[in-house]
Amino acid sequence: DLSGIPRTRVPDASLSLLRDGYVFISSTCDRLQTDVFRTRLMLKRAFCVRGAGAAELFYGSGLFSRKDAMPPTVVHLLQDYGSVQMLDGHAHAERKRLFLALLEADGIRDFTATLAEVWEARAARIAAGERIELYTELNRMLTEAALRWLGLPATQNQVRLRSQELSAMVDHAGTTGPHNAWARMIRRRSERWAAQVIALIRSGDLTPRPGRPADLIARHTEEGRPLSTEVAAVELLNVVRPIVANARFVVFAALALWQHPQWRQEFARGDLSRLEPFVQEVRRFYPFFPLIGGRSVRPFTWRGYAFPEQSWVLLDLYGTNHDPRSWSEPGSFRPERFVDREPTAYDLVPQGGGPYETGHRCPGERLTIATVETMVRLLSLADYTVPAQDLTYTMRAMPALPRSGLIVSGGSR
Ligand code: HEM
């Protein structure tokens, strides 16, 4: 009996989700004075939940599978079928091992060192007076750094093609119709490239240094068997695509440095003691991944309500990062809040929550933090200004980004 669970006035809230974007779940929760409500989205019954308690239910209970939990328009452009995210239990743990191995501290250090090298050439161009759109440039830089770090050829042509494809996947993950179809067509080129890379490594025609991530993916075995070419290709893309997606967090970090210049001055002086709090606040404050869906593998009760097996539950990531019960003045950008307070596994969830090694929490979180830290440090040292432009972003289009893409130009700060 679902009758006790608060529900939306309209029978199907798909249009409200489109209209309200990132704040759809939390504004509905506020109006109904609840952390859970039921509705229909795309005609299917959905339970929307928010807050650290809801994140704990979602990530701490082992109750939720990702099978049949997100629309195919999203799944095809992001993790894809056959990926680690679609697995459960033992199979999931086996695959997750691969990601955790790639993303250990040494690997992260290698990546950020490569990124810093890639940045040098850009910094010189900016210092020479060139105007650069940071978002596009970061997509290219992160693609180049990712290919080199993986152990793959990073020619200019390769970087241009791959960065276009990889950014299109993320830019259009929240769309439907022709835009989404276009991005899926573009993605198929990436899939062909990734499958070819795996095949070439396996045949010995491409030889990344042993231990490089591309080599580890090509050679990863489960129950003694290597992954199929298709699945290995999907997981290769599941490493490069989100690395490139970090361009969005870096653009928002650059926006924060511009709008709160005391932080840029502090980092430029070489005082990096509050760099991590700054980056955590970037991940908390700015909108990226709005929500994540799961399907319950058995019936459960929460907050006194009974939910049936196969319940489709949508956890509000953005709303949880802005929940005033966890964050005072959630609408203010205040890195200080992280100076003497570590986030818990469930209150700061821009990349999912729960334990790092098990469950579906993002294995790329530490690499993301290190990437944004590296770029914030380098940007603070660089000599550039932000000319007049439209720096606003809408909370409707998901994922969000400042409209101008953040143009910087050389010259005095
Ligand atoms: C999972 C967001 C960066 C690889 C997730 C999840 C979120 C997320 C919300 C949880 C999905 C769920 O609960 O089902 C982000 C954001 C990033 C980012 C906003 C910033 C750019 C990365 C990076 C990598 C990565 C850099 C790899 C290098 C993955 C993988 C999963 C995942 C493989 C699936 C894990 C699993 O199902 O066990 N990410 N991520 N992500 N992320 Fe990230």
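In what order do the three strands of the open sheet stand, and is their pairing parallel or antiparallel?

**Stop 1: the whole chain**

Show the protein chain as a cartoon. What you see is a predicted model. Its secondary structure comes to 15 helices and twelve strands.

Colour by burial next: 45% of the 413 residues count as buried. Of the contacts with a separation of 6 or more, 72% are between residues 24 or more positions apart.

**Stop 2: the ligand and its shell**

Select the ligand, then the residues around it. The shell holds 25 residues, and the closest are Gln85, Pro242, Gly352, Cys362 and Gly364. By type, the shell divides into 15 nonpolar, eight polar and two charged residues.

Now select three helices: H5 (89–102), H11 (229–259) and H15 (365–381). Each of these supplies at least two residues of the shell. Which helix gives the largest share? That is H11, with seven residues.

**Stop 3: Cys362**

Select Cys362, one of the closest residues to the ligand. The unreviewed UniProt entry covers Cys362 with the annotation "binding site". Look for Cys362 in the loop between helix H14 (317–321) and H15.

Is Cys362 buried, exposed or partly exposed? Cys362 has 19 other C-beta atoms within 10 Å, and so is partly exposed; the cut-off for buried is 20 or more. Leaving out residues up to four places away in sequence, Cys362 touches Gln351 and Gly352. Gly352 is also among the residues closest to the ligand.

**Stop 4: the three-strand sheet**

Select strands S4, S11 and S12. They form an open sheet in the order S4-S12-S11, with antiparallel pairing. S4 (131–133) and S11 (384–385) are the edge strands, because each pairs on one side only.

Zoom in on S11 and S12 (residues 407–410): two bridges join these antiparallel strands. Thr385 stands opposite Ser409 in S12.

**Stop 5: the loop between S11 and S12**

Stay here and follow the loop. Pro399 is found in the loop between S11 and S12. The peptide bond from Met398 to Pro399 is cis, with omega near 0 degrees.

Further along, select Leu406, which lies in the loop between S11 and S12. Leu406 is not a glycine, yet has a positive phi of about 65 degrees. Leu406 counts as buried because 23 C-beta neighbours lie inside 10 Å.

**Stop 6: Met42**

Finally, go to the loop between strand S1 (36–41) and strand S2 (44–50), where Met42 is found. Met42 has a positive phi of about 50 degrees, although this residue is not a glycine either. Is Met42 buried or exposed? With 11 other C-beta atoms within 10 Å, Met42 is exposed, since the cut-off for exposed is 12 or fewer.

Key:
Residues are numbered from 1 along each chain as its sequence is written. This is a predicted model: local features need pLDDT of at least 70, side-chain atom pairs count only at pLDDT 80 or more; totals for chains, interfaces and linings use all residues. Helices (H or I, at least four residues) and strands (E, at least two) are DSSP runs, numbered from the N terminus. Two residues are in contact if their C-beta atoms, placed from the backbone, lie within 7 Å. A residue is near a molecule or strand if its C-beta atom, placed from the backbone, lies within 6 Å of it. Ala, Val, Leu, Ile, Met, Phe, Trp, Tyr, Cys and Pro count as nonpolar, Asp, Glu, Lys and Arg as charged, and the others, Gly among them, as polar. UniProt positions are given in the numbering used here, feature names are shortened, and annotations may be inferred rather than shown by experiment.
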